[in-house]
Amino acid sequence: MITLKEVPCSIEKVLDIIGSKWSFLVLKELYEEKKRFNQLRRAINGISPNALTTTLKHLEKKKIVIRTVIPTVPVTVEYSLTEKGKSFHSVLYEMKKWAAEWE
């Protein structure tokens with residue numbers, strides 16, 4: 001069995017890539033389907049518009065989320081996951097299983 005010390009990517013690196021606690025909830029929502037800002041805001045209980053904006057910018061900078069501008073009137077912006085973001089799904093799934101077992 002591989003120990004955590006043998007894994008080249010440390011927990012700190014993962015947290016730097018993913019960011020705040022809100023990032024996990026944003027990712028959870030985007031695994032279901034691409035969403036607009038207000039759809040995310042309504043789906044994530046307790047997140048402020050500022051926190052959501054900061055989280056989305058961070059995830060976009062880390063190439064986890066793609067921001068797509070659709071030229072409509074008014075302009076529509078959708079958020080979706082990159083392949084890098086999609087690859088994190090198994091981690092979130094395992095976290096969900098662990099929480100269900102120990103809550």
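The model is predicted, so local features need pLDDT of at least 70 and side-chain atom pairs count only at pLDDT 80 or more, whereas totals for chains, interfaces and linings use all residues. Residues are numbered from 1 along each chain as its sequence is written, and side-chain values use heavy atoms, with hydrogens and water left out.

The buried residues of H4 are Ala51, Leu52, Thr55, Leu56 and Leu59. Viewed down the helix axis, these residues fall within an arc of 130 degrees and so line one face of H4; the arc is taken from the directions between the helix axis and the C-beta atoms. They pack against helix H1 (11-18), H2, helix H3 (37-43), E2 and E3, with contact meaning heavy atoms within 4.5 Å. H4 has 13 residues and reaches 18 Å from its first C-alpha to its last, close to the 18 Å expected at 1.5 Å a residue, the expected span being 1.5 Å times one less than the number of residues.

The protein contains six helices and three strands, these being DSSP runs numbered from the N terminus (helices H or I, at least four residues; strands E, at least two). Along the sequence they follow the pattern α-α-β-α-α-β-β-α-α. The C-alpha trace spans about 55 × 30 × 20 Å along its principal axes. Of the 103 residues, 28% are buried. Among contacts between residues at least 6 apart in sequence, 50% join residues at least 24 apart.

The largest nonpolar core has 20 residues, and Val26, Leu27, Leu30, Val65 and Tyr79 have the most contacts inside it. Such a core is a set of buried Ala, Val, Leu, Ile, Met, Phe, Trp, Tyr and Cys residues joined through side-chain atoms within 4.5 Å. Two or more residues each come from H2, H4 and strand E3 (76-81), and H2 gives the most, with five. Leaving aside residues up to four places away in sequence, Tyr79 touches Leu30, Lys34, Lys35, Phe37, Leu40, Leu56, Val65, Ile66 and Arg67.

One aromatic pair is present. The ring centres of Phe24 and Phe88 are 6.2 Å apart and their planes stand at 45 degrees, so the pair is tilted; rings of Phe, Tyr and Trp (its six-membered ring) pair if their centres lie within 6.5 Å, with planes under 30 degrees apart counted as stacked, over 60 as edge-to-face and the rest as tilted. Phe24 lies in helix H2 (21-32) and Phe88 in the loop between helix H5 (83-86) and helix H6 (89-102), so the pair ties together parts 64 residues apart in sequence. Both Phe24 and Phe88 are buried. Lys28, also found in helix H2, is partly exposed, with a relative accessible area of 42%. The C-alpha atoms of Lys28 and His89 are 8.1 Å apart, although these residues are separated by 61 in sequence.

Two backbone features concern loops. Lys63, in the loop between H4 and E2, has a positive phi of about 65 degrees although it is not a glycine. Its relative accessibility of 59% makes Lys63 exposed. The peptide bond from Val73 to Pro74 is cis, with omega near -5 degrees, and Pro74 lies in the loop between strand E2 (65-70) and E3.

How values were computed
Buried < 20%, exposed > 50% of the residue type's maximum accessible area, 1.4 Å probe, protein only.
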